[in-house]
Amino acid sequence: MIATDYCSSLIMVPPPPLHCAAVTEFEIDRGLGETREGDLCSSVFVRDIANLPDQFDQKQLPKFIDVKDDGSVDMEAQELLTSLKAQIVSKSARSLRVHWVPWSGGVLDVQSQAHDEYLDDLCQNFVEDMKQQIQAKLVAQRGAQEEPAWLFEELRHHGHLCRAKRSVFCGRSRLLSDIGQCLELHDRSAHWPMVVHGASGTGKTAVMSKLAEEVRKTFRKGCVVVTRLLGTSALSSDIHSVLKSVCFQVCLAFRLKLPAAHVTNSYAELVRFFHSLLSTVSKRNQEALVLLFDSLDQLSSNDGAHRLHWLPKVCPAKVHIIVSTLPKEHNILAVLQEVIPRPECHFKVQALSSQHGRELIDLLLSTVNRRLTTEQRDLILERFRNCGQPLMLKLTFDEAKRWSSYVPASELDVAVGTRDAVRLLYSRLEKRHGRVFVSHALGYITCSRLVLLRDTAP
């Protein structure tokens with residue numbers, strides 16, 4: 001007896017095999033089973049036809065109910081359907097919508113007023129339920145400490161630009177080494193921000209993009225690098241938006257509480273939060289934080305951005321700020337030299353040497369699998385030797401990759417400087433698209449730049 005009871009306890013009734021249920025039934029059961037109680041993430045619409053099993057219209061009935069081969073109602077299927085509906089009602093009572101449709105004259109009259117009212121009610125119920133679910137999800141997302149999608153898009157944008165800029169980087173090893181040593185020397189004490197400056201076209205953005213990669217080698221124990229190539233997106237052209245995105249990124253990286261809406265909506269409050277945030281990161285004494293702000297001159301003048309009141313004049317330990325700018329634009333460099341008087345904190349980007357220019361043009365040509373004749377290559381390097389600006393070489397490369405090998409150097413129009421390279425670029429565009437179109441298009445882009453940025457900013 002005991003053995004019999006023990007054996008009986010080991011025998012489990014197997015669940016109904018999947019082939020005994022319809023695919024639709026399995027999908028409904030799976031969907032409702034994954035829905036948490038109280039979570040309105042599903043809607044159930046049931047259409048019931050009154051007295052349908054009592055109807056025996058051999059032509060119409062099989063369209064709405066399971067029947068056997070002899071035309072009689074399949075009662076087993078009806079029992080399974082009734083059981084399924086009962087499960088749906090028990091699991092989805094809050095999101096259940098039942099619609100009754102009359103069966104008149106032995107047929108379901110789809111032209112009747114009652115059927116039109118049924119369709120109107122169904123559509124209205126569906127729209128209402130979808131709106132309710134969408135609004136509930138949006139409220140839940142705004143209330144949760146989730147990473148905002150706009151921030152990820154901004155980080156993706158700057159990350160992509162940085163990778164593109166440093167993909168053809170060469171030279172500047174001494175400059176990068178000096179900046180790296182300065183970072184390491186002042187990591188454990190308060191210090192001034194660092195300034196990278198140089199003429200337009202000398203490659204400051206490429207240097208800053210390379211720094212975003214190199215500083216990780218300086219801090220081998222780990223660091224958080226925040227990079228903004230200012231003026232390249234809507235959120236990086238206005239200092240208010242820049243500080244907001246930087247604060248969000250730092251808070252998420254160090255698992256700190258995100259700034260409240262009343263803080264991010266007020267520029268003065270946001271600046272105070274930014275300075276306080278840097279102090280908080282410093283006091284944690286964990287990973288170093290490196291902030292890279294490239295091209296301060298590309299910021300709009302909103303909120304007095306060019307006066308640099310937002311920029312900390314002293315960085316706490318474990319926090320480093322590196323900015324870059326043109327030497328004369330908006331008088332920014334003069335302001336930086338006044339508030340950061342230490343010469344060792346200022347780094348000038350010099351012209352590239354001829355050797356580095358030769359390496360750069362070879363690197364650029366390799367990206368498009370092209371080669372130049374020795375005569376063509378020597379002509380470019382001769383003009384570059386008098387300029388030394390990577391931008392001039394990049395613009396010349398954009399022209400050179402269209403050259404044919406049989407064209408002699410005497411017939412090639414090669415720029416003698418960056419401005420001349422830009423002139424040749426515009427001249428080529430005008431030949432292809434017409435001077436009126438190009439001049440008007442560039443004019444509209446220039447005039448509308450700030451308006452477009454303001455309209456697209458969140």
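Trainee: Which residues lie nearest the centre of the largest pocket, and how many line it?

Mentor: Lys-165, Gly-201, Thr-205, Ser-295 and Leu-391 lie nearest its centre, within a lining of 41 residues. The model is predicted: local features need pLDDT of at least 70 and side-chain atom pairs 80 or more, whereas totals for chains, interfaces and linings use all residues. Residues are numbered from 1 along each chain as its sequence is written, and side-chain values use heavy atoms, leaving out hydrogens and water.

Trainee: What makes this a pocket, and what makes a residue part of its lining?

Mentor: On a 1 Å grid over the protein atoms alone, a pocket is an open set of points with protein on both sides within 12 Å along at least five of seven lines, whereas in a cavity a 1.4 Å probe fits but cannot get out; a lining residue has an atom within 4 Å of a point. The volume of the largest pocket is about 1300 Å³, taken as the space filled by probe spheres set on points joined across faces, edges and corners.

Trainee: Which helices each supply at least two residues of that lining?

Mentor: They are H5 (149–166), H7 (204–218), H12 (354–367), H14 (390–400) and H16 (435–456); a helix is a DSSP run (H or I, at least four residues), numbered from the N terminus.

Trainee: Why is His-158 called buried?

Mentor: Buried means under 20% relative accessible area, exposed over 50%, and partly exposed in between (1.4 Å probe, protein chains only). His-158 has 2%, so the term applies. This residue lies in helix H5 and, leaving aside neighbours within four places in sequence, is in contact with Thr-227, Arg-228, Leu-229, Thr-232, Ser-233 and Ser-236, contact being heavy atoms within 4.5 Å.

Trainee: Why does Asp-48 count as buried?

Mentor: Its relative accessibility is 18%, and therefore Asp-48 counts as buried. Among the residues it touches, beyond those up to four places away in sequence, are Lys-85 and Trp-100.

Trainee: What is the average confidence in the protein?

Mentor: The average pLDDT (the predictor's confidence in each residue, from 0 to 100) is 81, and 83% of the residues score at least 70. Where pLDDT is low, the predicted coordinates should not be read in detail.
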